[in-house]
Amino acid sequence: MFTRFLSLEWKAFFRSASLGKSLGLRILMIFLALYFSAVFLFFGIGLYPLLQEFFPGDDPLQLVNRFVLLWLVLELGLRFMLQTLPVMDIKPLMLLPIPKRKVVNFVLIKSLYSFYNFLPLFIIIPFGIFNIYKNEYTVSSILGWMVAMIALSLCVNYSNFIIKKRFTENLKALIPVILTIVILGALEYFQVIEISFYFGKLLDFVLATPYLAAIPVILLVILYKWNQHNLEGKFYLDAGLKGKKGITDTRDFDWTKKFGSIAPFLQLDLKLIWRNKRPKTTIYMSLLLLGYGLFFYPNDIYQGMPWFYVFVGIFITGIFMINFGQFVPSWDASYYPMIMSQNIPLKQYLASKAGLISFSVVVLAILSTPYIYFGWNILLINMVCALYNIGVNVPVLLYAGSFNKKRIDLDKSPFMNYQGTGATQWLVSLPLMALPVLLYWLTDKFLGMETALGLLSALGIAGLLLRPVLLNSIAKRYQERKYAMINGFKETGE
């Protein structure tokens with residue numbers, strides 16, 4: 001039955017109307033997979049010698065054990081954001097005498113073939129072989145450790161299943177989990193409770209008594225059965241509708257009426273964001289990525305690279321602008337033909353988008369003010385970047401939107417979701433991120449930091465003053481592309 005299911009999926013892939021796009025994307029992903037496989041393999045081969053060189057008095061294997069818990073937490077976070085869970089169309093199978101457990105088992109076993117499960121092997125196996133070669137542990141001890149590590153990695157795979165099914169529909173429920181992890185991380189950082197140390201000690205016990213590797217294997221079986229039970233309970237066509245029954249959002253955003261002619265469009269945008277998964281997630285991601293600067297501002301490496309702070313400032317204050325603005329007007333794909341058939345000035349439609357995105361930049365700029373802790377120059381750069389985003393990048397995104405003609409399913413998760421993504425989304429990142437950095441770097445190099453910041457501010461102010469003229473020009477471009485965009489939005493294939 002397993003091979004039959006594989007055959008059906010193979011035929012579905014090659015008979016898909018979007019084969020060209022899917023095939024091209026998969027070829028790109030294969031190249032990326034080969035690249036990361038080589039990186040992990042070289043790291044796995046070089047890990048033992050590197051640890052011996054930098055920590056000559058410590059046991060390399062015990063050092064690795066101390067960081068295993070951190071690795072598992074990071075792996076879970078990356079899987080949650082990047083890994084796409086396997087799915088299967090159960091509608092035609094409901095008419096056939098196929099036990100639902102077989103279908104569920106196929107989906108769960110199929111997840112084991114994920115590329116994310118193979119990457120840890122490129123580190124675990126070479127590192128384990130090095131330890132066997134050095135004769136520091138018995139073969140049975142290393143094999144037990146390798147089995148335990150592989151089982152723990154697969155536990156992360158099935159834990160991701162549970163977390164995604166539980167929290168993807170409601171990301172707000174994930175906040176207590178993130179706060180708990182942050183608190184535990186802080187306790188670890190300030191050495192109040194060294195959780196990773198004790199977790200490493202448990203793995204040391206596996207080396208001493210290899211049969212303890214059965215514990216992670218048992219945990220893996222428990223997580224597998226847990227997922228099996230959950231998926232069997234949702235093996236119904238209307239399973240996804242049960243949670244939505246009786247839920248009605250009557251929020252009307254009447255306060256938007258004070259914005260005049262753009263109020264109806266602004267109201268529709270806010271309702272679209274509030275009531276749909278994918279646009280709403282852009283808000284949560286924007287708030288989460290406000291912490292992006294913490295990776296760079298405390299780091300001494302970037303102290304002499306102020307141009308890099310411009311990149312961070314553009315990103316922090318404009319993350320919602322980028323995530324939401326690059327898909328204008330694809331968000332409105334389902335009713336875009338109706339908008340175009342009405343006597344609606346396109347300038348007002350675009351002005352509402354520009355107003356919403358500009359407001360998000362202002363909010364994120366205000367929320368980024370605590371970065372003043374790292375210096376007044378950081379705050380100044382962030383404020384200048386916010387002004388540049390509003391004046392220059394907002395019109396650039398709206399103009400790039402005239403090339404969008406791929407519809408978006410608003411109720412799908414944005415993680416590893418390429419729906420609506422085309423060449424425009426990749427190319428527009430160059431003027432958005434690279435141009436202000438280049439302008440700042442060149443001006444700072446020859447004229448100084450104050451002049452460089454003044455140039456970016458002047459461009460932002462000029463963009464604000466010229467916005468009515470720019471919107472008129474962009475509206476004409478949308479009018480020229482009207483029918484190409486309507487035809488593109490009618491296509492439902494991904």
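Colleague: How many disulfides are there, and how do you know that?

Modeller: The count comes to zero disulfides. A disulfide here is a pair of cysteine sulfur atoms within 2.5 Å. Keep in mind that this is a predicted model, where local features need pLDDT of at least 70 and side-chain atom pairs count only at pLDDT 80 or more, while totals for chains, interfaces and linings use all residues. Residues are numbered from 1 along each chain as its sequence is written, and side-chain values use heavy atoms, with hydrogens and water left out.

Colleague: Why is cysteine 385 called buried?

Modeller: Buried means under 20% relative accessible area, exposed means over 50%, and partly exposed is in between (1.4 Å probe, protein chains only). Cysteine 385 has a relative accessible area of 1%, so the label is buried. Cysteine 155, with 5%, is buried too.

Colleague: On to charges. What makes aspartate 204 and arginine 66 a salt bridge?

Modeller: The rule asks for a side-chain nitrogen of Lys or Arg within 4 Å of a carboxyl oxygen of Asp or Glu. For aspartate 204 and arginine 66 the N to O distance is 3.1 Å, and they meet in a salt bridge. Aspartate 204 lies in helix H10 (residues 195-208) and arginine 66 in helix H3 (residues 60-66), so the pair ties together parts 138 residues apart in sequence. Helices are DSSP runs (H or I, at least four residues), numbered from the N terminus. Aspartate 204 is buried at 12% relative accessibility, and arginine 66 is buried at 17%.

Colleague: How many salt bridges are there by this rule?

Modeller: There are four salt bridges. Another one of them joins arginine 101 and glutamate 232, at 2.6 Å from N to O. Arginine 101 sits in helix H5 (residues 100-110) and glutamate 232 in helix H11 (residues 214-233), so this pair ties together parts 131 residues apart in sequence. Arginine 101, at 40% relative accessibility, counts as partly exposed, whereas glutamate 232, at 13%, counts as buried.

Colleague: Where do glutamate 480 and arginine 477 lie?

Modeller: Both belong to helix H22 (residues 467-480), three residues apart, about one turn of the helix. Glutamate 480 has a relative accessible area of 62%, so the label is exposed; arginine 477, with 21%, is partly exposed.

Colleague: Now the rings. Why is the pair of phenylalanine 40 and tryptophan 71 given its label?

Modeller: By the rule, there are 21 aromatic pairs. The ring centres of phenylalanine 40 and tryptophan 71 are 6.2 Å apart and their planes meet at 65°, so the pair is edge-to-face. The cut-offs are these: rings of Phe, Tyr and Trp (its six-membered ring) pair if their centres lie within 6.5 Å, and planes under 30 degrees apart count as stacked, over 60 as edge-to-face and the rest as tilted. Phenylalanine 40 is in helix H2 (residues 19-54) and tryptophan 71 in helix H4 (residues 68-82), 31 residues apart. Phenylalanine 40 is buried at 17% relative accessibility, and tryptophan 71 is partly exposed at 34%.

Colleague: What makes the pair of tyrosine 297 and phenylalanine 374 tilted?

Modeller: Their planes are at 40°, with 5.9 Å centre to centre, and the pair is tilted. Tyrosine 297 counts as buried at 3% relative accessibility, while phenylalanine 374 counts as partly exposed at 28%.

Colleague: Which residues do ring pairs link into a cluster?

Modeller: The cluster holds Tyr292, Phe296, Trp307, Phe308, Phe311 and Phe315.

Definitions and conventions: Helix = DSSP H or I, 4+ residues; strand = E, 2+ residues; numbered from the N terminus.
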